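Hi,

Here is the model I promised to pass on.

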Amino acid sequence: MSDHTYSTHLRWEGSTGAGVAGYAREHVAAAPPAGEVPLSADPAFRGTAGRLNPEQLVVMAASSCQLLSFLAVAARAGVDVLAYVDDATSHLDLAAAPPRLATVRLATTVTVAAGTDAARVRHLADRAHRECFVAASLAVPVEVTTRVRYA
């Protein structure tokens, strides 16, 4: 397998001259081929509520990676997945030294064709979790719970 390189571009302008309370947290990131993504800090840290923050992006990346890994594993196993929903969460643990995101929890619901073995679907979800590049790259645990629904 060849190396895969991922690049992004981030831009911020302003002044920190007025101290920690005085500078803007708004910034823009871009990654080809997508356009710019407006970002900020969490509103609890003087960020803008209408923008995504880095913590959300980490949780979103773990969720997206699990989805893509699961779809690949299921397709290779011949399991017909019809829909996939994930309500992913984490929280900032300010008591940790240094403060960090706590466990990322992925609560997935997988809809499969009637007659599909639910235990097999959960096994494939576990396998996909072990193959997820993002979860393997994070310093915090990523936990996956999989609920199986039938169409």
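This is a predicted model: local features need pLDDT of at least 70, side-chain atom pairs count only at pLDDT 80 or more; totals for chains, interfaces and linings use all residues.

I call something a salt bridge when a side-chain nitrogen of Lys or Arg sits within 4 Å of a carboxyl oxygen of Asp or Glu. Counted that way, there are four salt bridges.

Residues are numbered from 1 along each chain as its sequence is written, and side-chain values use heavy atoms, with hydrogens and water left out. Helices (H or I, at least four residues) and strands (E, at least two) are DSSP runs, numbered from the N terminus. For burial, I use relative accessible area with a 1.4 Å probe and protein chains only: buried is under 20%, exposed is over 50%, and partly exposed is in between.

Back to the salt bridges. One of them pairs Glu36 with Arg11, with the closest N and O atoms 3.1 Å apart. That pair links distant parts of the chain, since Glu36 is in strand β3 (residues 36–39) and Arg11 in strand β1, 25 residues apart. Arg11 is partly exposed at 35%.

Another joins Glu143 to Arg105, and here the closest N and O atoms are 3.4 Å apart. Glu143 lies in strand β8 and Arg105 in strand β7, so this pair ties together parts that are 38 residues apart in sequence. Both ends come out as partly exposed: Glu143 at 40% and Arg105 at 41%.

Then there is Glu131 with Arg127, the closest N and O atoms being 3.4 Å apart. These two both sit in helix α2, four residues apart, about one turn of the helix. Glu131 is partly exposed at 33%, and Arg127 is too, at 32%. Salt bridges with shared partners join Arg76, Arg127 and Glu131 into one network.

Next, helix α1. Its 24 residues should span 34 Å at 1.5 Å a residue, and the end C-alpha atoms are 35 Å apart, which agrees; the expected span is 1.5 Å times one less than the number of residues. Among the buried residues of α1 are Val59, Ala62, Cys65, Phe70 and Val73. Their cover includes β4 (81–89), β7, α2 (118–131), α3 (133–137) and β8 (142–150), going by contacts (heavy atoms within 4.5 Å).

Which residues does Thr111 touch, beyond those up to four places away in sequence? They are Asp80, Val81, Leu82, Ala83, Arg149, Tyr150 and Ala151. Thr111 belongs to strand β7 (residues 104–112) and counts as buried at 9%.

What about the cysteines? Cys65 is buried at 11%, and Cys132 is buried at 1%. With a disulfide taken as a pair of cysteine sulfur atoms within 2.5 Å, the count is zero.

Finally, Ser7. Ser7 sits in the segment before β1 (9–11) and is partly exposed at 47%. Leaving out neighbours within four places in sequence, Ser7 is in contact with Ala31 and Pro32. From Ser7 to Leu124 is 117 residues in sequence and 30 Å in space, C-alpha to C-alpha.

Cheers
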